[in-house]
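Here's a quick walk through a structure, starting with a charge and a ring, then moving on to the ligand and the annotated sites. Have a look at the model first.

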Amino acid sequence: MKTPVRVAVTGAAGQIGYSLLFRIASGEMLGKDQPVILQMLELPMDKAQAALRGVMMELEDCAFPLLAGMVGTSDPDVAFKDADIALLVGAMPRGPGMERKDLLLKNAEIFTVQGRALNKVARRDVKVLVVGNPANTNAYIAMKSAPDLDPRNFTAMLRLDHNRALSQLAAKANVAVADIEKLVVWGNHSPTMYPDYRFARVKGQSLKDMINDADWNANTFIPVVGKRGAAIIEARGLSSAASAANAAIDHVRDWVLGTDGKWVTMGVPSDGSYGIPKDVIYGFPVTCKDGRYEIVQGLEIDEFSRERMNRTLAELEEERAGVAHLL
Ligand code: NAI
């Protein structure tokens with residue numbers, strides 16, 4: 001039996017948590033031979049802690065053979081203790097009349113505390129995925145609050161955007177999702193993101209040539225992917241949860257187990273690639289191997305793409321400036 005992996009999940013009693021925890025415990029994230037210990041963090045309020053207890057009771061009732069232990073807590077130092085993987089899902093939602101700036105600052109408080117706790121008690125090679133919005137900037141704050149950890153340990157979730165783009169492209173070109181390779185979503189997890197299929201291939205053929213529709217790209221595909229989250233809220237009355245949990249599973253599984261040369265999109269601290277300033281957490285195409293990701297290099301950036309990449313970068317820079325005084 002392998003040594004159990006400690007997986008911390010924040011916001012464990014929320015919507016995404018409810019879709020995520022059971023899949024982690026069943027082995028879908030780390031493999032069917034990998035035991036896990038779930039270390040779940042929720043707010044200290046009675047309601048949140050009671051809901052967390054309920055989720056833990058249901059986890060028990062699944063009798064998952066791979067679930068080697070569980071911790072439920074409101075203390076980040078307990079939740080992140082010796083964590084190998086940390087999924088930071090819990091965040092302050094945007095309330096009625098709340099300005100974007102206030103949302104940023106409220107979340108900055110949360111992610112400063114959690115970054116510090118990770119710095120103090122998590123494993124030195126902990127892999128952190130930030131899902132809670134604004135995900136890229138929250139990941140940046142956690143990274144900056146954890147100076148003893150390698151910045152490369154911190155990532156933000158762009159995978160839902162990547163998966164959304166894959167499905168839209170597969171439908172348009174009438175091909176199987178699994179046959180599309182080399183897709184990328186650049187930038188921020190926000191409507192400014194830039195899904196880019198210029199390099200994408202289907203069984204060796206250029207997907208861009210197959211679609212051959214610049215108008216659809218600019219006026220349908222990019223806005224549909226960018227506004228998909230809002231369309232789901234409109235339809236469901238609640239934000240995406242099962243698909244977000246699924247994307248989190250995809251992100252961590254690929255990071256840990258590797259992508260076998262395939263590209264996936266991850267929000268990672270820039271190393272200066274493609275002119276994106278160092279440390280900005282930006283969606284890049286990456287490949288993963290042996291628990292490490294590498295940004296795909298050498299892609300040509302045309303004028304249209306540069307303009308889109310700069311637009312989403314400008315938003316990230318603005319968010320970064322808004323929290324700079326706290327770091
Ligand atoms: P939710 O509101 O159902 O659950 C969030 C949970 O986090 C709540 O149970 C709350 O008590 C808890 N929480 C809040 N602050 C916390 C803290 N400081 N420590 C521990 N727990 C805390 O929300 P849902 O639907 O699960 O979404 C979670 C986050 O994920 C939101 O910020 C949402 O915007 C974001 N999201 C991100 C996506 C992405 O692609 N990056 C996609 C979909 C959602």
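In this predicted model, Arg152 holds its charged end over the ring of Tyr293, 4.2 Å from the ring's centre. To count as sitting over a ring, NZ of Lys or CZ of Arg has to be within 6 Å of the ring centre and within 35 degrees of the ring normal.

A word on ground rules. Residues are numbered from 1 along each chain as its sequence is written, and side-chain values use heavy atoms, with hydrogens and water left out. Because the model is predicted, local features need pLDDT of at least 70 and side-chain atom pairs count only at pLDDT 80 or more, while totals for chains, interfaces and linings use all residues.

**Rings**

Rings of Phe, Tyr and Trp (its six-membered ring) pair if their centres lie within 6.5 Å; planes under 30 degrees apart are stacked, over 60 edge-to-face, and the rest tilted. By that rule there are eleven aromatic pairs. One of them is Trp186 with Tyr274: the planes sit at 70°, so this pair is edge-to-face. It joins distant parts of the chain, with Trp186 in strand β8 (residues 184–186) and Tyr274 in the loop between β12 (264–269) and β13 (281–289), 88 residues apart. Helices (H or I, at least four residues) and strands (E, at least two) are DSSP runs numbered from the N terminus.

Trp186 and Tyr274 are both buried, where buried means under 20% relative accessible area, exposed over 50%, and partly exposed in between (1.4 Å probe, protein chains only). Trp216 and Phe221 make another pair, with planes at 25°, so this one is stacked. Trp216 is buried at a relative accessible area of 11%, and Phe221 is buried at 2%.

Here are the two pairs side by side:

| Pair | Centre distance | Plane angle |
|---|---|---|
| Trp186 and Tyr274 | 5.1 Å | 70° |
| Trp216 and Phe221 | 5.1 Å | 25° |

Ring pairs also tie Trp186, Tyr274, Tyr282 and Phe284 into a cluster.

**Ligand**

What surrounds the ligand? There are 22 residues around it, the closest being Gln15, Ile16, Glu42, Val131 and Asn133; a residue is in this shell if one of its heavy atoms lies within 4 Å of the molecule. Helices α1 (15–25) and α4 (100–121) each supply at least two residues of that shell.

As for polar atoms, a polar backbone atom of Gln15 is 2.9 Å from a ligand oxygen. A side-chain N or O atom of Gln114 lies 3.4 Å from a ligand nitrogen. Taken alone the ligand exposes 860 Å², and the protein buries 82% of that; these areas come from the Shrake-Rupley method with a 1.4 Å probe.

**Annotations**

An unreviewed UniProt entry lists Arg94, Arg100, Asn133 and Arg164 under "binding site". Those four span 71 residues in sequence and the farthest two C-alpha atoms are 24.5 Å apart, so they do not all gather at one spot. Arg100 is in helix α4 and is partly exposed, at 35% relative accessibility. UniProt annotations may be inferred rather than shown by experiment.

**Asp250**

Asp250 is in helix α10 (residues 242–257). Is Asp250 buried or exposed? Asp250 is buried, with a relative accessible area of 10%. Its side chain makes polar contacts with the side chains of Asn163 (3.0 Å) and Arg253 (3.1 Å). A polar contact is a pair of N or O atoms within 3.5 Å; within protein, one must be able to donate a hydrogen and the other to accept it, and residues adjacent in sequence count only if both atoms are side-chain atoms.
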